[in-house]
Amino acid sequence: MSSRQYPFSAPMSRRGFLAVGTGAAAAVALAACSNTTKTSRTAVMPDSEAVAAAESERRAVNAAVREVAFSVEPSTVDIGGVQVQTWTYGGKLPGREIRLARGEVLRADVTNGLPAPSTIHWHGVALRNDMDGVPDINQPSIAPASTFRYEFTVPDAGTYWFHPHVGVQLDRGLYAPLIIEDPADGNDYDVEAVIVLDDWLDGVDGRDPDKQLQQLRDAGMSGMSMGGMNQSGMNGGMNMGGSSTMSMPTDPNAPLGTDTGDVKYPYYLINGRLGTDPVTLAGKPGQRMRLRIINAGADTPFRVAVGGHRMRVTHSDGYPVQPVTASSLLIGMGERYDVIIDLADGVFPLIAAAEGKTGQGFALIRTGGGAPPPPDVRPVELGTPPLTEDRLTAIESVRLAKRTPDRTLDLVLGADKTRYIWTINGKTFDDREPLDVTEGQRVRLRFVNQTMMFHPMHLHGHTFEVVTLAGTGPRKDTSIVAPMQTLEVNVDANNPGQWMVHCHNAYHGEAGMMNVFSYVH
């Protein structure tokens, strides 16, 4: 097993960091020194007593341990009549689901069979900081031909997933569901299915994510449609434009505006399959089917609908909401929604239409006889404005306690005028100024989008409560910030360590739109 070592316990200067290099210990030291320079306080490190204490508080003495082991490996997979060379977890696409109960301990031995370093990020889980999977911030990378043991308590039920946090590896086949069950679940549905959405280019016509990122960098913002063209958001502009609470562009049937991605994908998949050879979900007429929907895409939001049905949305990012019924649902990269449908009799299309792009993922729900619809079918449900998170409200039992924020932190989302560079507060990740918080604070995060593209912003290790025009929104860990708008969320700083906050467009994140939610003392 790789050991977790952070040998630099004292703050270093930035000059000292650059002299040492870019290894895990050096970068963690940079986080510490950045905080020290700004606040004369030091960072709470991943190997600190505070991190261990938080895990001890989460873990019951008699907590069951769920052991799994899998490899990260180059693979040839069939996505439905098309063979592609890619990277997968254990040769499967998606990777094999991990399922355990709330309060149990996950012990996962991960062996890296890739020719490059990798990690696992357990997306959405409020876990211990040194198991979060961000190289050089809270764990070392897993080197090729080595194994790392992840072990942590899973405190909250819900639909989660896991993926790497190295470069743009997410845009390969490296993703899988993580389902944390609540013993009280099951009273409002009869059958369940996990639905994983993805945009796919790896291994098609010589393409791969690293080449795609380089093409975007070579083309710069001039090679894009609108995403980096708002001048107020360029080069670190700090104009606090946009609304004071979450809102969307004016056309309800185009809630993300006209520019919804940087990459043209040849395929869109549901559970690793093309529409020409789709996954089929089985049920019986009259049953209630729970769909746990995960957007594992790198650059694509999806509008999801089931032909001939309406969906009752019950959970967002794992947390229950007051149920809302809709014909279609918008889901950004990294988000998860649970919905329940009352099954009719027949064969019905489950469609994930690439929002603002051409193409769709296609699966079938079969409850009876009949010929299936074609994979390019466009059910009428897709023509209605999709449900968006501003219409959702957390149920009373999971709302944050009423409290005035102790501090407000702005995250201004911007881009360079010409180069393919995306920023937070005018800086890329390499030049970041960490967002300092102290344990016990209520923090208001204001995501101020000064670009003409939407950004699904994800905070590691926490869930926040969205502030809506109506007051209390849903609990989430990943939230869409619409073009030229501002999203405000409240988060309780109750999980010490060094945590990423970033855009879950894999290419925006890798091009700089990341920072660290940094606990200090």
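The dialogue below goes through a predicted model of one chain, from its overall make-up to a few single residues.

Reader: How many helices and strands does the chain have?

Author: The chain has five helices and 30 strands. Keep in mind that the model is predicted.

Reader: How many of the residues count as buried?

Author: Of the 521 residues, 62% count as buried. The chain exposes about 18,700 Å², and 49% of that area comes from carbon and sulfur atoms.

Reader: What do the contacts in the chain join?

Author: Take the contacts between residues at least 6 apart in sequence: 77% of these join residues at least 24 apart.

Reader: How should I read a sheet, and what is the strand order in the open sheet of four strands?

Author: In general, the strands of a sheet pair through backbone hydrogen bonds, in parallel or antiparallel fashion. Here the order is β2-β1-β4-β6, and the pairing is mixed.

Reader: Which strands stand at the edges?

Author: They are β2 (83-89) and β6 (147-153). Each has a single partner strand, so one side of each lacks a neighbour in the sheet. From one strand to the next, the twist averages 25 degrees.

Reader: In which sense do β4 and β6 pair?

Author: Strand β4 (residues 105-112) pairs with β6 in the antiparallel sense, over seven bridges. As an example of a bridge, Thr-111 has Thr-147 in β6 as its partner.

Reader: Which residues have the most contacts inside the largest nonpolar core?

Author: A nonpolar core is read as buried nonpolar residues joined through their side-chain atoms. The largest one here has 119 residues, and those with the most contacts inside it are Trp-122, Tyr-150, Leu-178, Leu-291, Leu-445 and Tyr-507. Strand β9 (residues 191-200) gives the largest share of this core, six residues. Another core, of seven residues, lies apart from it; Ala-305, Ala-353, Phe-362 and Leu-364 are among them.

Reader: What is Leu-291 in contact with, leaving aside its neighbours within four places in sequence?

Author: Its contacts are Ala-193, Ile-195, Leu-281, Val-306, Tyr-337, Asp-338, Val-339 and Ile-341.

Reader: Is His-502 buried or exposed?

Author: The cut-off for buried is under 20% relative accessible area. His-502 has 4% relative accessibility, so it counts as buried. His-502 is placed in strand β29 (residues 498-503).

Reader: Which residues does His-502 touch?

Author: Not counting residues up to four places away in sequence, His-502 touches His-165, Pro-456, Met-457, His-458, His-460, Met-513 and Met-514. With His-165 there is also a polar contact between the two side chains, at 3.3 Å.

Technical notes:
Residues are numbered from 1 along each chain as its sequence is written. This is a predicted model: local features need pLDDT of at least 70, side-chain atom pairs count only at pLDDT 80 or more; totals for chains, interfaces and linings use all residues. Side-chain values use heavy atoms; hydrogens and water are left out. A nonpolar core is a set of buried Ala, Val, Leu, Ile, Met, Phe, Trp, Tyr and Cys residues joined through side-chain atoms within 4.5 Å. Buried means under 20% relative accessible area, exposed over 50%, partly exposed in between (1.4 Å probe, protein chains only). Helices (H or I, at least four residues) and strands (E, at least two) are DSSP runs, numbered from the N terminus. Contact means heavy atoms within 4.5 Å. A polar contact is a pair of N or O atoms within 3.5 Å; within protein, one must be able to donate a hydrogen and the other to accept it, and residues adjacent in sequence count only if both atoms are side-chain atoms. Accessible areas come from the Shrake-Rupley method with a 1.4 Å probe; for residues, only the protein chains shown count as cover. Two strands pair if DSSP finds at least two bridges between them. Axes are lines fitted to C-alpha atoms, for helices over the stretch in contact, and angles run from 0 to 180 degrees between N-to-C directions.
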